[in-house]
Amino acid sequence: MNQNKHTYAVEATNLVKIFGNDRAVDGVSLKVPKGIVYGFLGPNGAGKTTTIRMLATLLKPNEGEASVMGYDLVKDADSVRQSISLTGQFASVDEELSGRENLIFIGRLVGFTRKEAKKRADELLKAFKLEEASKRQVKKYSGGMRRRIDIAASIVTSPDLLFLDEPTTGLDPRSRNQVWDIIRALVKNGTTVFLTTQYLEEADQLADLIGVIDQGKLIAEGTSKELKASIGAGSLTVHFDDMDELEKARVIFAGQLEQSPEADVREISLTVPIKEHAKAAKAIGELANANVQIKDFSMSQPSLDEVFLTLTGKLPESEGGDESNGKS
Amino acid sequence: MANHEERTFEEAITNITRPKKPSAISASATFAWRALLRIRYVPEQLFDVTVFPIIFLLMFTYLFGGAISGSTGEYLDFVLPGILVMTVAMITMYTGLDLNKDIEKGVFDRFRSLPIWRPAVLVGALFVDAVRYLIASTIMITLGYILGFRPEAGFIGVVLGVLLLLFFAFSLSWIWTMLGIIVRTEKALMAMSMMILFPLTFLSSVFVDPTTMPGWLQKFVDINPITFVVDAVRGLVHGTDATNDILMVLYISIGLILIFGPLTMYFFRNKN
């Protein structure tokens, strides 16, 4: 009833979670519109999992408040649980049981009769291409199959809001693409997806809105394009035939542009970050005026890696480490 | 072909509304069903339920029987109810270990994010644990009978004794469920459980008559809950008057549930 009035799937104000002396989440405020993919991007230990665990009613915030699908996180936790599903970062199904048994088990827990639960399980197994493995214990599944059964267990009934904690960490590219397709299809059918990731490419590919979190604080928020734009227009790369030409160009660039270019000796190229496109065009023009021979040149969009570097002063770690005990 | 696949996929993920949430009983039964399935996949987990009792019974009967009671036959009648209580009390700690494993692996998070009657997670598991205790009791009494154990109160006495023991074990389990939730690692939990269970089971009337012990030890043995359980079960099995012991066991059991049930649920809700 009242949740229809709200346009936001998640509205959080100043959430804080403290573990001992560690402010794992330190004043996070979020607004996630319904029907989008919200990408929560940050390195290990940034507070992603802790935030998700609070929003999924698993942890009580020490400070701040939040509503999920219009229900108060603390006062109306049971209604929140009615509208969400959580796929945790680790096992979110029982590894000792088969895939089919897991889905029947969840089906029974959400209130289906035995018969309905079985029918639903078979439907999902077919859709997620797990029919052949349906009778095998989940612990014998491959990484990609594991992730698919994890997500299938989360949509036994369609949640309004689906939390996915690092859904593709450790997956090979093919399995990762399968998970991405599933997420896109879910959103197309009206589910709001809140996912955490440490992969910049993933946020770039999937998320309509990206929140960047570091050390418990939201340090930037926007669309992929907006985040990239705040860093500058991208970078200009110019290739040369030989090093002499490159050195001439380096002097010209240094005079024309704010930032000094970086040379790649093997490629015989210069790369320089650009604030505005017009300046890049002007710099190229200057090279022609000075008769510097260039092979080719190109402009590239900034990567999210660069975004992160600019925002936090360090690159996000690429490999998943220990994020147990909800202390991420 | 591809189109057809696409369609089943779309159909499978389109709006499936949530049915009414299951009743407390139905949710508990679902968790019990899961625990039974796990036994089917990992029958080894019944190992301690079946092998413990056999080893204990044979070891204590033939190792100490002659020394303590003069003959193994007489000692068997005395010690079997004791070892029965000890074995079942020992197995109760697996309740906590299983729960701890669920938490460590992450599947516990899924349970806690579901809109279900929350104690169902534990009640379902405890119900199946009762089945384990029953298996252990049956094995031990059957083996004892073969070795010459003769309960003087007959079959009814044995059934009543086992029922009382099951109730006590169920109550005792709430200590382990609480510890299973708050203790971080399985090893620490195991060590802690052992530290509680070993003194309780050995410093009791399980193996010998407490009147043979030094006075200071008797004082501990006399207030040890396990002693009450052993004496009550012994009384029921052999038809001697144990009304006071039985009442004490009931008080202790209800007390354990009243204290550790709510504590468990408190930590369950506020788990970090």
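**Predicted model of chains A and B**

Residues 44–271 of chain B are 82% helix and 0% strand, with the end C-alpha atoms 30 Å apart; helices (H or I, at least four residues) and strands (E, at least two) are DSSP runs, numbered from the N terminus. An unreviewed UniProt entry lists this range of chain B as "domain: ABC transmembrane type-2"; such annotations may be inferred rather than shown by experiment. The model is predicted: local features need pLDDT of at least 70 and side-chain atom pairs count only at pLDDT 80 or more, whereas totals for chains, interfaces and linings use all residues. Residues are numbered from 1 along each chain as its sequence is written, and chains are lettered from A and ligands numbered from 1 in the order in which they are written.

For chain A, the mean pLDDT (the predictor's confidence in each residue, from 0 to 100) is 86, and 91% of its residues reach 70 or more. In residues 318–328 of chain A the pLDDT is below 50, and this stretch has 25 contacts in the model beyond near neighbours in sequence. Two residues are in contact if their C-beta atoms, placed from the backbone, lie within 7 Å. Where pLDDT is low, the predicted coordinates should not be read in detail.

Between the two chains, the contact involves 39 residues of chain A and 33 residues of chain B. On the side of chain A that touches chain B, the elements giving two or more residues are helix H2 (77–83), strand S6 (84–87), helix H3 (99–110), helix H4 (114–127) and helix H6 (173–188). H3(A) gives the most, with five residues.

An open, antiparallel sheet of four strands in chain A has the order S12-S13-S11-S14; two strands pair if DSSP finds at least two bridges between them. Its edge strands, each pairing on one side only, are S12 (262–264) and S14 (294–300) of chain A. The twist averages 20° from one strand to the next. S12(A) is joined by three bridges to the antiparallel strand S13 (residues 269–274) of chain A, where A:Leu270 is the bridge partner of A:Ala263. Helix H9 (residues 243–256) of chain A lies across strand S11 (234–240), S12 and S13 of chain A and runs at about 15° to S13(A); axes are lines fitted to C-alpha atoms, for helices over the stretch in contact, and angles run from 0 to 180 degrees between N-to-C directions.

Helix H1 (residues 48–55) of chain A is mostly covered, with eight of its eight residues buried (20 or more other C-beta atoms within 10 Å of the residue's own, C-beta atoms being placed from the backbone). Among them are A:Lys48 and A:Arg53. A:Thr57, which follows H1(A), has a positive phi, near 70°.

Methods: A residue is buried if 20 or more other C-beta atoms lie within 10 Å of its own, exposed if 12 or fewer, and partly exposed in between; C-beta atoms are placed from the backbone.
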